[in-house]
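Reader: I have a new structure open. Can you walk me through it?

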Amino acid sequence: MATFWDIMHLLTGTPLVLVAIIGLTWGILGGALPGISASITMALVLPFTYTMDPAMAIALLACVYIGAEYGGSIPAILIRTPGTNSSAATVIDGYEMNRQGRAGEALGISLMSGVVGSLFGLAMLVLLTEPLSWLALLFTPASYFGLGILGLSVIASTSGGSLVKGLASAVIGLMISTVGTDPISGVTRFTFNAPDLLGGIEPVLVMVGLFALTELMSQSGSTSVMKLNASIRIKLPSLDLMNRLKRSQFIGCLLGLFEGLTPGGGGSIAAFMSYNEAKRWSKEPEKFGKGSEEGVAAPEAANNTVASTALIPLLSFGIPSSNSTAVLLGGLLMHGLIPGPRLFEQSAQVIDSIYVGSFIAIIAQIGIGMIILPACIWLVNRPRPYRAGFIFALILSGLYTLNNSTFDLGLALGLGLLGYFMRLTKFPVLPMILGVVLGHLVESSYRRSLVLSGGDLMVFLEDPIAVILLSLALIFVIFSLRREILEVRKSKLEEAHS
């Protein structure tokens, strides 16, 4: 844990304050653009962190995540179009308040509830992450293999759509991760005599290609036009109103904590769950759906809590629970940082920078959120081709700075096309990205386990932690398969009755 003097050094001896403000600002702007989710906003800035100090780079990504979660509520309230998936629940009452001429009040409630949720999430992050990370010392290579398989199976089974498609996507990601040099023998694999592939395909290329470029391709065929009222300004809630909202904010914080710790949970699930529970416990449930302040406060507190608590399993065990934390894991690995207890021992400044940078961003969010609103409205009102061109140029310039390689640009564009066809065929991309990110962990742990056991596969059944993790992975797959079968039967029965 950082001492007072460590914190003072971060504030005065490093550019952390500037990094946090820049990350927050970029996050709000990106989150305010419909279709540019938190993960895409983080993926866009990821290549530019390659040459940064690791502590500043990871703090920047964490602050972008915080900013994007608030930014997504701006178009959700103003034009009934959530900027991020987790802001979808805010649309229900936020847009109704806008229709009633209370847009500024709704934006103010969203902002302050987000700050409350973020502070609660940050407190849980500080208190829980390091103690949980020490559990990783009990892990053997077989346990790490089980952990990687659990992460992949959970994401594949909860990413929506077909379980088979989710698992197939994860397998494709694992296949991509094998390109390059064998982690045990040092033999080159699937490089096709291309020197650029000797080091493998970097996860950042996969993330930017499948998230950002795929989204640009998908939006290129859209003809929708959105216009925001440029005269709207944020109106912060009074202390009396904040007091009345504390119940719904508390519900949002608790569910945000739970969903942040759950692989595959995410801000959107937490937001909708908190909306439903806030309505259940409200003294005025009849107002929900008709412009209720509590209907804005609960989901915003929840999804902003998740922005911090989702980092707990990531930093403790290296298991991302959402698209955004997968990008953050890619940033950690890009800088040679391995999540777990050694990260806290050997790279304590990185952890301290995340904590302090996040706190700075959360507090600054109140002022910057109010100041930047006109810029967000101006940006959303720009013609779509101009916005797409700017983002496309930003992506290519960022990727080129990684290795000064045009091969990387071609690879990212190819992955973007792959992601576009995956979207058309309803294959989820997140399992594939996690397959690439976790591929090295899964393969190297599997191979090391076999080396230590002399090739005996029973090593995975003799390790109790590995047995528990692999059993959980199997349970997730079975339950997901069962749910799909029941849904198919239900749809057939409905067709028969209709």
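Reader: Let's start with F190. Is F190 buried or exposed?
Author: F190 is exposed, because its relative accessible area is 51%. Exposed means over 50%, buried means under 20%, and partly exposed lies in between (1.4 Å probe, protein chains only).

Reader: What kind of model is this, and how are residues numbered?
Author: This is a predicted model: local features need pLDDT of at least 70, side-chain atom pairs count only at pLDDT 80 or more, and totals for chains, interfaces and linings use all residues. Residues are numbered from 1 along each chain as its sequence is written, and side-chain values use heavy atoms, with hydrogens and water left out.

Reader: Back to F190. Where is F190 placed?
Author: F190 sits in the loop between β2 (188-189) and α10 (203-219). Helices (H or I, at least four residues) and strands (E, at least two) are DSSP runs, numbered from the N terminus.

Reader: What is the phi of F190?
Author: Near 55°, a positive value in a residue other than glycine. Most residues other than glycine have a negative phi.

Reader: And N193, what is its phi?
Author: The phi of N193 is near 60°, a positive value for a residue that is not glycine. N193 is in the loop between β2 and α10. N193 counts as exposed because its relative accessible area is 79%.

Reader: Zoom out. How many helices and strands are there?
Author: The protein has 22 helices and 2 strands.

Reader: What is the radius of gyration?
Author: The protein has 22 Å. A compact globule of 498 residues would come out near 23 Å, so the value agrees. The radius is taken over C-alpha atoms, and the globule rule is 2.2 Å times the number of residues to the power 0.38.

Reader: What box do the C-alpha atoms fill?
Author: Roughly 70 × 70 × 45 Å, along the principal axes.

Reader: What share of the residues is buried?
Author: Of the 498 residues, 55% count as buried.

Reader: How about contacts between residues at least 6 apart in sequence?
Author: Of those contacts, 79% join residues at least 24 apart. Contact means heavy atoms within 4.5 Å.

Reader: What about M242 and I109, how many residues apart are they?
Author: They are 133 residues apart in sequence, and 8.3 Å apart in space, C-alpha to C-alpha. M242 belongs to helix α11 (residues 239-261). M242 counts as buried, because its relative accessibility is 18%. Leaving out residues up to four places away in sequence, M242 touches M112, V116, P237 and Q249.

Reader: Now Q365. Which helix is Q365 in?
Author: Helix α17, residues 348-380. Q365 has 0% relative accessibility, so Q365 counts as buried.

Reader: Which residues is Q365 in contact with?
Author: Setting aside neighbours within four places in sequence, Q365 is in contact with L24, I66, Y70, L111, G114, V115 and N304.

Reader: And A212, buried or exposed?
Author: A212 is buried, because its relative accessibility is 3%. The place of A212 is in helix α10. Neighbours within four places in sequence aside, A212 is in contact with I40, L44, M207 and I395.

Reader: New topic. How many disulfides are there?
Author: A search of the whole structure finds 0 disulfides. A disulfide is a pair of cysteine sulfur atoms within 2.5 Å. C253 is in no disulfide, and the nearest cysteine sulfur, that of C63, is 19 Å away.

Reader: Is C253 buried or exposed?
Author: C253 is buried, because its relative accessible area is 5%. C63 counts as buried too, because its relative accessibility is 0%.

Reader: Last one. How many positive and negative side chains are there?
Author: There are 29 positive and 30 negative side chains, and the centres of the two sets lie 11 Å apart. Lys and Arg count as positive, Asp and Glu as negative; His and the chain ends are not counted. Each charge is placed at NZ of Lys, CZ of Arg, CG of Asp or CD of Glu.
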